[in-house]
Amino acid sequence: MKKASPLLTPAAPVLALLLLAGASTTALAQPAALATTAAPAVATESSPLSEGEITRWDPRTLRVTLRHGELKNLDMPPMTMVFRVQDAGVVGDLKPGDKVRFRAEQVSGAYQVTRIEKAP
């Protein structure tokens, strides 16, 4: 009759599962701020304005859709996307089809246009 290896006792799989469960619980218990190493992208007043075109503006929901070039301060490639605005006054009398220059920031996890003007 063969002797069982001391490492392969019936309790070994249970112990392994407990160790794995403990490791995953520790990782999940960390605050989100510690789990993320990248700082949020924020535009400063000295940041250059990005170029784009308004494709949709909804003053009721305070959302403007822009087809834009690269947003260097947000490390974002060219695309079309929806941005929030603080209030309708930020967009003013601009309308879909207008070429614009704008500054966008990431605020509380959402992308927000903080400044927008008609392109020359």
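Hi everyone. Before we look at any residue, one cut-off: a residue counts as buried when its relative accessible area is under 20%. Please also keep in mind that the model you see above is predicted.

T65 has a relative accessibility of 14%, so it counts as buried. Which residues surround it? Setting aside neighbours within four places in sequence, T65 is in contact with E53, I54, T55 and R56, and also with T80, M81 and V82.

That brings us to the pairing of β2. Strand β1, residues 50-58, runs antiparallel to strand β2, residues 63-68, and six bridges link the two.

Now zoom out with me.

Let's move on to β5, which covers residues 110-118 and holds Q112. Is Q112 buried or exposed? Its relative accessibility is 13%, so Q112 is buried too. The side chain of Q112 makes a polar contact of 3.1 Å with the side chain of Q86. Beyond its neighbours within four places in sequence, Q112 is in contact with F83, R84, V85 and Q86, as well as R103, A104, E105 and V107.

That's my tour for today.

Methods:
Residues numbered from 1 in each chain as written. Predicted model: local features only at pLDDT ≥ 70, side-chain atom pairs only at ≥ 80, totals over all residues. Heavy atoms only, no water. Helix = DSSP H or I, 4+ residues; strand = E, 2+ residues; numbered from the N terminus. Buried < 20%, exposed > 50% of the residue type's maximum accessible area, 1.4 Å probe, protein only. Polar contact = N/O pair within 3.5 Å; in protein donor to acceptor, adjacent residues only side chain to side chain. Contact = heavy atoms within 4.5 Å. Pairing = 2+ DSSP bridges.
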